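Reader: I am new to this structure. Please show me how to read its features, one at a time.

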There are 2 protein chains.
Amino acid sequence: MAEGGGAAAPGGESLLFLTDEQLRKGIEAMYFAYRGFTADPDRILDDLEYGRAHHRAIHFINRAPGTTVNNLLHILGVTKQSLNRVLRTLIEDGLVESRIGARDKRERHLYLTEKGEALEAELSTAQRARMRDAFRHAGPEAVAGFRTVLEAMMDPDMRRHFNRLKDSGA
Amino acid sequence: MAEGGGAAAPGGESLLFLTDEQLRKGIEAMYFAYRGFTADPDRILDDLEYGRAHHRAIHFINRAPGTTVNNLLHILGVTKQSLNRVLRTLIEDGLVESRIGARDKRERHLYLTEKGEALEAELSTAQRARMRDAFRHAGPEAVAGFRTVLEAMMDPDMRRHFNRLKDSGA
DNA sequence: CATTTTATGTCAGCCTTGTTGACATTCCAA
DNA sequence: TTGGAATGTCAACAAGGCTGACATAAAATG
């Protein structure tokens with residue numbers, strides 16, 4: 001609609017695939033793929049008494065051990081009350097340890113316990129298995145494109161967080 | 001962990017990018033990108049009294065006008081009670097019309113009204129704008145890879161629905 | 001024709017996970 | 001010492017999932 005139907009505009013390799021129809025398919029692909037993306041961990045979490053919110057907390061604590069509550073708040077984009085409810089149960093159940101900051105004693109630094117790491121590994125293994133199959137199926141070039149498009153789709157703040165995690169990990 | 005660290009195994013172009021670290025980055029990319037993906041429609045929906053569930057219903061009714069409740073149920077993967085709550089408000093508000101089936105009078109066929117189409121267009125325009133920017137930024141080859149990986153990530157049932165919509169649209 | 005199955009709607013109640021608002025505590029910093 | 005930042009907690013609420021039970025109409029099947 002906004003683009004018109006034009007394709008072979010001179011000098012524009014970039015117009016060919018941007019019809020509304022192509023974009024709609026991209027939108028639907030995101031929707032259906034995300035469902036698959038979360039399906040395996042969700043099944044595991046259902047058996048325990050945890051939800052997706054617990055998974056997210058566990059994931060990012062594992063990726064950035066010692067992160068503060070405030071930092072996690074920004075990464076997850078939820079309210080402290082919402083996160084606190086999740087963290088409380090994880091701490092009570094002995095999956096997460098909350099250590100008072102050494103320099104700034106107001107801060108709480110979060111770590112996974114062995115039990116927490118065990119659950120993280122279980123969830124992560126399931127989710128990585130699907131990602132690995134998809135990556136294998138699609139091939140290296142497709143994977144590079146996948147990553148490029150996803151990164152371009154993020155809000156700038158989230159891209160910042162994403163790249164921080166990227167650097168620390170590699 | 002499951003893969004080992006090996007890279008240049010002979011004959012395997014497919015092992016190079018499948019380290020756990022690469023897979024974790026793929027997982028995080030999906031998470032952060034999906035947040036961006038839903039952010040713009042969510043902002044619009046907040047102002048009205050609708051949520052993401054309404055958006056999904058509107059989207060797929062628009063894509064497959066005349067679809068039955070049952071079909072929508074399968075596509076969205078929710079219970080009829082959950083969908084019904086959403087559909088009821090959309091029908092009451094005059095965004096969706098429910099017509100009794102001609103051949104099978106038990107079925108309800110769903111259509112967007114003009115008002116419904118207007119909201120669909122507003123939501124879709126916002127979401128497509130982000131998708132378009134991301135696609136432009138990434139380039140055609142990246143977009144192809146994006147689509148390939150996402151399709152490989154879907155559950156088979158969802159891939160079926162995805163491809164049906166694809167065919168009918170093109 | 002009688003019965004069963006299917007498609008849909010609806011009521012009630014529960015859970016997770018998000019929200020806002022209010023308030024307490026701790027402690028760094030000016 | 002006072003202000004503000006980081007954190008925690010209580011309460012109330014809403015969206016949107018879920019299950020179970022039940023009603024109705026119509027199709028399908030015996």
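Reader: Which residues of H2(A) meet H4(A)?

Author: Two packed helices are described by the angle between their axes and the distance between the axes. Here A:Ala53, A:His54, A:Ala57, A:Ile58 and A:Ile61 in H2(A) touch A:Val86, A:Leu87, A:Thr89 and A:Leu90 in H4(A). Contact means heavy atoms within 4.5 Å. By class, this contact has seven nonpolar, two polar and no charged residues. Ala, Val, Leu, Ile, Met, Phe, Trp, Tyr, Cys and Pro count as nonpolar; Asp, Glu, Lys and Arg as charged; the others, Gly among them, as polar. Helices are DSSP runs (H or I, at least four residues), numbered from the N terminus.

This is a predicted model: local features need pLDDT of at least 70, side-chain atom pairs count only at pLDDT 80 or more, and totals for chains, interfaces and linings use all residues. Residues are numbered from 1 along each chain as its sequence is written, chains are lettered from A and ligands numbered from 1 in the order in which they are written, and side-chain values use heavy atoms, with hydrogens and water left out.

Reader: At what angle do H2(A) and H4(A) pack?

Author: At about 75 degrees, with axes 10 Å apart. H2(A) is therefore roughly perpendicular to H4(A). That label covers 65 to 115 degrees. Axes are lines fitted to C-alpha atoms, for helices over the stretch in contact, and angles run from 0 to 180 degrees between N-to-C directions.

Reader: What about H2(B) and H5(B)?

Author: Their angle is about 105 degrees, and their axes lie 10 Å apart. So they too are roughly perpendicular to each other.

Methods. Helices (H or I, at least four residues) and strands (E, at least two) are DSSP runs, numbered from the N terminus. Angles under 35 degrees count as roughly parallel, over 145 as roughly antiparallel, 65 to 115 as roughly perpendicular and the rest as oblique.
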